[in-house]
Amino acid sequence: MGRHRKPPVPRVRRGSVIALTGLVPAGLATVTGAGDGHLTDKLAATVQHQFGGDEDQLPQPEAAPPAAAPEPLLHEAKQVAPVGPPEVKSVALPEGRVPSARPAGPLGMPGIAHDAYENAERVLAVENPTCNMPWNLLAGIGRVESTHGFGGKVDDDGNPLQPIYGPILDGSLYGNNVIATSEGGDLDGLSGSYRRAVGPMQFLPETWRKYAADGNGDGIADPQNIYDATLTAGKYLCSGGLDMRDPGQQTRAILRYNNSMAYVANVMAWETAYGSGSAPAAAALPRI
């Protein structure tokens with residue numbers, strides 16, 4: 001590093017009250033001397049006395065301390081803000097991967113799932129603070145949709161050991177909708193004309209493409225990845241300006257996932273349970 005010359009030190013001139021008022025203690029600046037023709041002399045004398053009698057030299061301001069580095073928003077080394085829209089796709093992964101060994105979360109929740117839910121809460125608090133999304137609401141969705149990725153069969157990067165798919169929505173299963181479309185086969189693994197939900201948060205391919213988010217900062221929005229799926233679920237629930245602190249608005253948001261009040265009751269029961277640490281009563285979990 002090269003050395004730099006100090007900037008020239010301003011000279012204190014007796015004839016300038018404006019030049020002095022920024023240097024004089026606050027108490028002295030309030031002196032009123034409308035009839036005193038020696039006010040500038042008094043101000044200059046005070047400054048010179050305070051600075052050791054050297055009328056040409058003033059003290060240099062101290063350098064400001066360096067600002068602390070901002071805390072990362074995402075899990076571990078994951079990027080804070082994506083550089084552009086994520087690539088929407090499901091990533092092929094090798095066999096032989098093992099479940100994450102993270103310590104369990106509340107009520108035995110898999111630690112990797114707990115981390116993903118909290119990560120989504122932190123990101124949404126910045127991206128959409130008026131939504132007030134709590135991690136345990138996302139945990140309620142994840143518990144009902146896939147039991148947190150089939151009970152935690154997810155590796156340490158958030159990818160399930162085996163792809164997670166819902167039933168084919170062709171009308172053969174009682175109570176399920178029929179979803180016929182020619183799009184989405186690259187996400188749900190189907191080449192036919194019907195669709196199925198995908199990943200630990202069970203998104204239909206069309207819905208995923210609309211709200212897809214990159215929860216782990218790798219530039220990809222994969223519905224199978226629990227970090228991506230959880231953040232996308234949060235975006236989906238928050239859309240339309242809803243506030244999760246309002247029970248009515250939270251109910252409306254959950255009904256987007258499944259238009260069933262029994263489903264809402266289950267999600268909210270698990271949300272409360274994870275927040276309190278007490279398992280839900282059976283009566284609070286009606287059959288969906």
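**A buried helix and a pocket-lining arginine**

Because 12 of the 13 residues of helix H8 are buried, H8 is largely enclosed by the rest of the structure, where buried means under 20% relative accessible area, exposed over 50% and partly exposed in between, with a 1.4 Å probe and protein chains only. The model is a predicted one, in which local features need pLDDT of at least 70 and side-chain atom pairs count only at pLDDT 80 or more, while totals for chains, interfaces and linings use all residues. Residues are numbered from 1 along each chain as its sequence is written, and side-chain values use heavy atoms, with hydrogens and water left out.

In the protein there are 10 helices and two strands, these being DSSP runs (helices H or I, at least four residues; strands E, at least two) numbered from the N terminus. Along the sequence they follow the pattern α-α-α-β-α-α-α-α-β-α-α-α, and buried residues make up 38% of the 288 residues.

H8 covers residues 226–238 and reaches 18 Å from its first C-alpha to its last, close to the 18 Å expected at 1.5 Å a residue, the expected span being 1.5 Å times one less than the number of residues. Its buried residues include Ile226, Tyr227, Leu231, Tyr236 and Cys238, and what covers the buried residues of H8 includes helices H4 (111–127), H5 (135–152), H7 (205–211) and H9 (247–257), together with strand E2 (220–221). At the start of H8, a side-chain oxygen of asparagine 225 comes to within 2.9 Å of the backbone nitrogen of tyrosine 227, and just after the helix glycine 240 takes a positive phi of about 85°.

Arginine 97 lies elsewhere, in the loop between strand E1 (87–88) and H4, and at 22% relative accessibility it counts as partly exposed. Leaving aside neighbours within four places in sequence, arginine 97 is in contact (heavy atoms within 4.5 Å) with Asp155, Asn159, Pro160 and Leu161. With aspartate 155, the side chain of arginine 97 forms a polar contact of 2.7 Å, side chain to side chain. Valine 154 is 57 residues away from arginine 97 in sequence, yet the two C-alpha atoms are 8.7 Å apart.

The second largest pocket holds about 210 Å³ of space. Of the 17 residues that line this pocket, the closest to its centre are Val91, Ala92, Leu93, Arg97 and Pro163.

Notes:
A polar contact is a pair of N or O atoms within 3.5 Å; within protein, one must be able to donate a hydrogen and the other to accept it, and residues adjacent in sequence count only if both atoms are side-chain atoms. On a 1 Å grid over the protein atoms alone, a cavity is a set of points where a 1.4 Å probe fits but cannot get out, and a pocket is an open set with protein on both sides within 12 Å along at least five of seven lines; lining residues have an atom within 4 Å of a point. Grid points are joined across faces, edges and corners, and a volume is the space filled by probe spheres set on the points.
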